[in-house]
Every structure is written in structure tokens, then in C-alpha cells.
Amino acid sequence: HNYISACGHKLVIGKGVTGQKNTKGRYFKLCGGDYRGSFASTDVTVLSGDWYMIYAGNFASGTISGDAKLVVKDANVTATIEATYRGTIKGDVYMEIRNTTGAGNVYGGAASSGKVYGDVTKYFGKRGVKNISKVEILD
């Protein structure tokens, strides 16, 4: 898999970005944290582009000790948008998703074996999420 990892730094993907597929035909994954690692907090804004998966926190193991923020607008996400997959977020999660298309799911909690300890806030706006098959908060 190909990743863009913010490693806990504030990251803004601006307007006009287009995605590139890897040799397996998938777009990049984007993480507010990293594949593994520990970070104080995350803050990711995506204003365009094509993505395979987007995570507010880490993909695999590791801990976000504070809050995780993710804003996605005017993007295409072909798999899922998640707070984390197997990582841990000890603070709150804020996910704002507007005018975003995709074929996957939106998970406000840990989609696999991780844990989100704080509150989860999700806002989908007037135009919300299009072609997303499931939206849920997982404990």
C-alpha cells in the first residue's frame, strides 16, 4: 500500500489535487498519524483528490493521546473513511464529511481491534456523503 502520513502534523490537501493509482490499481491511503506510532493529536483537512482510505489517526497500532480531527470535502474515497483501524485514540474524534463520493463505509470508531475512548462527532453537511454504503460509530 502507498501512504501519505502526517505523523501528527497539521496537514491540508488543497483544492485541485488529483489521485494517482499504484500498480495494484488503488489510490493512496492518507493518515493523520502513521502506519504505527504515537502522536499527541492529529488534524487533517482534505479538499479534493482521489483516495483509497483516509484515517483521522493511525492505520495500524499506535496511540493518539489527544484528539483526532478529520475534514473531507469534495473528494472521492473509494474504500473507507475511519477514525482509526487498529490504533487507539484517547481523546475525542471530530469528522466532517461534505460533498464526498465513494463506495465504502465511514467509521467513527476503530474499524478493527483499536479503541476510541472519547466522544465521536460526525457532521455530513447538506450535501453529505454520496454512495457511501454504511455510516456507523463503533465502540
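The entries run from the whole chain to single residues.

**Ground rules.** I am working from a predicted model, in which local features need pLDDT of at least 70 and side-chain atom pairs count only at pLDDT 80 or more, while totals for chains, interfaces and linings use all residues. Residues are numbered from 1 along each chain as its sequence is written, and side-chain values use heavy atoms, with hydrogens and water left out.

**Whole chain.** I looked up the secondary structure and found 0 helices and 17 strands. Helices (H or I, at least four residues) and strands (E, at least two) are DSSP runs, numbered from the N terminus. The chain has 139 residues, and 45% of them are buried. Here buried means under 20% relative accessible area, exposed over 50%, and partly exposed in between, with a 1.4 Å probe and protein chains only. I then checked contacts, meaning heavy atoms within 4.5 Å. Among those between residues at least 6 apart in sequence, 79% join residues at least 24 apart.

**Cysteines.** How many disulfides are there? I count 0, taking a disulfide as a pair of cysteine sulfur atoms within 2.5 Å. Cys7 is in no disulfide, and the nearest cysteine sulfur, that of Cys31, is 8.8 Å away. I note that this 8.8 Å is too far for a bond. Cys7 is partly exposed at 31% relative accessible area, whereas Cys31 is buried at 0%.

**Aromatic rings.** I found 5 aromatic pairs. Rings of Phe, Tyr and Trp (its six-membered ring) pair if their centres lie within 6.5 Å; planes under 30 degrees apart count as stacked, over 60 as edge-to-face and the rest as tilted. Tyr35 and Phe59 make a tilted pair, 5.3 Å centre to centre with 35° between the planes. Tyr35 is in the loop between strand 3 and strand 4, and Phe59, 24 residues apart from it, is in the loop between strand 6 (50–55) and strand 7 (63–64). I read Tyr35 as partly exposed at 29% relative accessibility and Phe59 as buried at 10%.

Why is the pair of Phe59 and Tyr85 stacked? Their planes are at 5° and the ring centres 5.2 Å apart, so the pair counts as stacked. Tyr85 lies in the loop between strand 9 (76–84) and strand 10 (88–89), so this pair ties together parts 26 residues apart in sequence. Tyr85 is partly exposed at 26%. I list one aromatic cluster, formed by Tyr3, Tyr35, Tyr55, Phe59 and Tyr85.

I also looked for a charge over the ring of Phe59. The charged end of Lys29 sits there, 4.3 Å from the ring centre; the rule asks for NZ of Lys or CZ of Arg within 6 Å of the ring centre and within 35 degrees of the ring normal.

**Asp34.** I placed Asp34 in the loop between strand 3 (29–31) and strand 4 (38–39). Asp34 is partly exposed, at 23% relative accessibility. Beyond its neighbours within four places in sequence, its contacts include Cys7 and Phe59. The C-alpha atoms of Asp34 and Gly8 are separated by 8.0 Å, although the residues are 26 apart along the chain.
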